[in-house]
Amino acid sequence: MRSTSFLWNVCKSSFTFGLIGLTVSDRVASVVRVRGLSMSPTFNPPNNTSLGLFTDDHVLVEKRCLTDYKFSHGDVVVFCSPRNYKEKQIKRITGMPGDWISVPFSYDAVRIPEGHCWVEGDNPTDSLDSRSFGPIPLGLIRGRVTHVLWPPQRVGKIDKKLPRSGLSF
Amino acid sequence: MKGRRLFTYSGGSVISNSEFIWMGMPNTIMKMFNKSIVFGLVGITVTDRYAGVCPIRGSSMSPTFNPSLESFTDDYVFLEKFCLDKYKFSHGDVVIFSDPTNYKERCVKRIVAMEGDYVSNVNGAVKVPEGHCWVEGDNSAFSSDSRTYGPIPLGLIRGRVTHVIWPPQRMKKVDRRIPQEGFAF
């Protein structure tokens with residue numbers, strides 16, 4: 001008798017904690033693993049060891065920004081890829097609605113429409129970003145990266161680095 | 001003392017019947033509080049991830065929703081979010097998505113073309129790119145949709161409308177009507 005009521009209590013507690021965990025992860029913050037080199041050296045800086053589960057950067061993504069925050073230049077955001085809605089990408093916002101972005105290798109300038117933003121990776125040679133798929137609607141954004149949590153020697157806050165290249169005026 | 005029952009606490013102090021009921025109250029209140037927190041969390045999780053109810057404003061989807069301007073209340077619809085994980089969206093689905101021009105608002109429209117289809121527009125034929133879809137309101141005259149802002153990425157979609165649940169006389173399943181006009185080929 002006592003063991004079944006103990007088991008029942010364990011089940012109830014784990015269910016409640018699971019729900020709390022889900023709600024927090026959906027609405028407050030969660031931890032995400034960064035794959036790929038498009039945001040070097042901010043995430044996954046080049047080194048000799050191969051990238052894997054334990055050597056990829058893990059970052060803290062906060063979701064409070066989705067309700068009342070106004071995104072701005074230099075924010076690193078997680079968003080659903082416009083080419084494949086099941087994938088998520090991490091890039092930095094380098095242009096906001098109303099900005100003009102100069103298209104590389106041409107004399108054109110693209111104006112970022114209302115409700116959209118221009119995202120670029122910090123490592124321009126290895127990054128598939130707005131230079132390929134154009135400005136993305138802000139509604140695709142799923143969270144804003146604030147801190148690096150792993151590896152321990154690189155734990156710290158992410159800077160809102162304003163981009164130097166790519167004339168946005 | 002005759003006619004009065006006394007309960008002995010394990011600590012040795014003696015309390016009366018009425019005091020015993022009062023001391024049980026905070027325990028009951030705590031249990032009710034716990035249960036309401038759990039139900040609240042379950043409600044939030046279900047609404048975020050699985051299904052929800054949403055009011056429809058405006059007449060861009062007449063007559064499917066809000067068929068008349070003089071109705072006193074907006075239609076409420078049931079939307080399901082299972083589609084966001086595994087489902088492949090297809091022609092005729094009515095979906096709710098973030099407005100591409102203002103990410104804090106949401107719109108409801110019908111998908112009339114998927115990636116790879118060609119849609120005839122006033123400017124010629126437009127090919128819907130990969131990962132995108134073309135949405136239009138059922139009431140073409142009063143609808144600002146893909147004919148205004150172009151194809152939308154599927155990642156903006158927040159749920160698929162399956163039923164109208166209010167007002168009661170119009171409760172029914174929402175049909176996957178394939179539009180006849182506007183060549184999507």
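This is a predicted model: local features need pLDDT of at least 70, side-chain atom pairs count only at pLDDT 80 or more; totals for chains, interfaces and linings use all residues.
Some ground rules come before the details. Residues are numbered from 1 along each chain as its sequence is written, and chains are lettered from A and ligands numbered from 1 in the order in which they are written.

Let's start with chain B. Chain B has two helices and 12 strands. Those words have rules: helices (H or I, at least four residues) and strands (E, at least two) are DSSP runs, numbered from the N terminus. The order along the sequence is β-β-α-β-β-β-β-β-β-β-α-β-β-β.

How much of chain B is buried? Of its 185 residues, 37% are buried. Buried means under 20% relative accessible area, exposed means over 50%, and partly exposed is in between (1.4 Å probe, protein chains only). The accessible surface of chain B is about 11500 Å², and carbon and sulfur atoms hold 60% of that. Such areas come from the Shrake-Rupley method with a 1.4 Å probe; for residues, only the protein chains shown count as cover.

Now contacts, meaning heavy atoms within 4.5 Å. Take the contacts in chain B with a separation of 6 or more: 54% of them join residues 24 or more positions apart.

Next, the cores. In soluble globular proteins, nonpolar side chains tend to be buried together. A nonpolar core here is a set of buried Ala, Val, Leu, Ile, Met, Phe, Trp, Tyr and Cys residues joined through side-chain atoms within 4.5 Å. The largest one has 30 residues, and A:Phe71, B:Phe89 and B:Phe97 touch the most other members. Which strands each supply at least two residues of this core? From chain A, they are β3 (76–80) and β7 (116–120); from chain B, β5 (94–99), β6 (102–113) and β9 (132–136). Apart from this core lies another, of 12 residues, including B:Cys54, B:Ile56, B:Phe65 and B:Val108.

Look at B:Phe97 for a moment. Leaving out residues up to four places away in sequence, B:Phe97 touches, among others, B:Cys107, B:Val135, B:Tyr149 and B:Leu156.

On to the interface. 27 residues of chain B are in contact with 26 residues of chain A. The size of an interface is often given as the accessible area lost when the parts come together. Between chain B and chain A the buried area is about 2100 Å², with 59% from carbon and sulfur atoms. That is the accessible area (1.4 Å probe) that two parts lose on being put together, summed over both.

How many salt bridges cross between chain B and chain A? The rule finds two. A salt bridge is a side-chain nitrogen of Lys or Arg within 4 Å of a carboxyl oxygen of Asp or Glu. B:Arg49 and A:Asp26 form a salt bridge through their side chains, at 2.9 Å, N to O. On the side of chain B that touches chain A, α1 (17–49) and β6 of chain B are the elements that give two or more residues. The largest share, seven residues, comes from α1(B).

Last topic: charged residues inside. Over all chains, the structure holds 13 salt bridges. The side chains of A:Arg144 and A:Asp75 form one, at 3.9 Å, N to O. A:Arg144 sits in strand β9 (residues 141–150) of chain A and A:Asp75 in the loop between α2 (65–68) and β3 of chain A, 69 residues apart. A:Arg144 is buried at 17% relative accessible area. A:Asp75 is buried too, at 2%. Both belong to a network of salt bridges that also links A:Glu62 and A:Lys160.

Chain B has a pair to show as well. B:Arg160 and B:Asp93 meet in a salt bridge of 3.9 Å, N to O. B:Arg160 lies in strand β11 (residues 157–166) and B:Asp93 in the loop between β4 (76–80) and β5 of chain B, so the pair ties together parts 67 residues apart in sequence. Both residues are buried.

One more: B:Asp145 and B:Arg147 form a salt bridge at 3.0 Å, N to O. Buried or partly exposed: where does B:Arg147 fall? B:Arg147 is partly exposed, at 34%, whereas B:Asp145 is buried, at 0%.

Notes: Side-chain values use heavy atoms; hydrogens and water are left out.
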